[in-house]
Structure formats: structure tokens, C-alpha cells
Amino acid sequence: MTILFEEEVASDKHERMVFQIRTRDTSNMRGEQDKFSMFLVFRRENETDACYTLGSHPSFEGAKKFGRNKLYLEPNRRSS
């Protein structure tokens, strides 16, 4: 899987949460499959990262929209 998109999610806790969109390998699957998987990664100091799958989506833009609507990503984040 290749990470195509990664953005930090606003969190009230001490760990860093990152929303990722990755490509899916659907070469050995029958029928039409979604091309993108969505993950929520918890990055903690001195511990192994925890990764939770949020499902899949047929389009990249749709997966980004899911992240904005469900995880409160900022649509036009600026680097400071």
C-alpha cells in the first residue's frame, strides 16, 4: 500500500492522530473493488503506532471528503 494523503487530526488527547488514504491492492479480487483505503493512525511517544481502518472508498476525493466530514480535518490547512 502506498500512502497518498496524510493529515493530522485535531485531538484533545496527548497522542497525535493522523488520517491516511492509501491505495488498495485489488489485483486478486473478483469484481469491481474500491481503490482507496482510509486509516486513522495514533502516533505515540515511546510506543508502537496503532492503526485503525475506517473503510474504503472508490474515489480519492470522496475519501478526503469523508475525512473532512467525519474527522474534522481542516479543508485548507496552512503551514505555519
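Is Ile21 buried or exposed? Select Ile21 and see: Ile21 is buried, at 0% relative accessible area. Buried means under 20% relative accessible area, exposed over 50%, and partly exposed in between, with a 1.4 Å probe and protein chains only.

**Before you start**

This is a predicted model: local features need pLDDT of at least 70 and side-chain atom pairs pLDDT 80 or more, while totals for chains, interfaces and linings use all residues. Residues are numbered from 1 along each chain as its sequence is written, and side-chain values use heavy atoms, leaving out hydrogens and water.

**Stop 1: the whole chain**

Show the cartoon. You have 4 strands and 1 helix. From the N terminus, the order is β-β-β-β-α. Helices (H or I, at least four residues) and strands (E, at least two) are DSSP runs, numbered from the N terminus. Of the 80 residues, 29% are buried.

**Stop 2**

Select the strands. They form an open sheet of 4 strands, ordered S1-S2-S3-S4, with antiparallel pairing. S1 and S4 (50–57) stand at the edges with a single partner strand each, so one side of each has no neighbour in the sheet. The twist averages 20° from one strand to the next. Strands of a sheet pair through backbone hydrogen bonds, either parallel or antiparallel.

Zoom in on S1 and S2. These two pair in the antiparallel sense over 6 bridges. Two strands count as paired if DSSP finds at least two bridges between them. Pick Phe5: its bridge partner in S2 is Ile21.

Axes are lines fitted to C-alpha atoms, for helices over the stretch in contact, and angles run from 0 to 180 degrees between N-to-C directions.

**Stop 3: around Ile21**

Return to Ile21, in strand S2. Contact means heavy atoms within 4.5 Å. Beyond neighbours within four places in sequence, Ile21 is in contact with residues including Ile3, Phe5, Phe36, Phe60 and Ala63. Draw a C-alpha distance to Leu40: 9.1 Å in space, 19 residues apart in sequence.

**Stop 4: the aromatic rings**

Which residues do ring pairs link into a cluster? Select Phe5, Phe19, Phe36 and Phe60. The structure holds 4 aromatic pairs. Rings of Phe, Tyr and Trp (its six-membered ring) pair if their centres lie within 6.5 Å; planes under 30 degrees apart count as stacked, over 60 as edge-to-face and the rest as tilted.

Start with Phe5 and Phe19. This pair is edge-to-face: 6.4 Å centre to centre, 70° between the planes. It links strand S1 (residues 3–9) to strand S2 (residues 16–23), across 14 residues. Phe5 counts as buried at 17% relative accessibility. Phe19 is buried too, at 0%.

Move on to Phe5 and Phe60. They are also edge-to-face, at 6.3 Å and 80°. This pair joins S1 to helix H1 (residues 60–71), 55 residues apart. Phe60 is partly exposed, at 23%.

**Last stop: a charge over a ring**

Select Arg22 and Phe39. Arg22 lies over the face of Phe39, 4.3 Å from the ring centre. The criterion is NZ of Lys or CZ of Arg within 6 Å of the ring centre and within 35 degrees of the ring normal.
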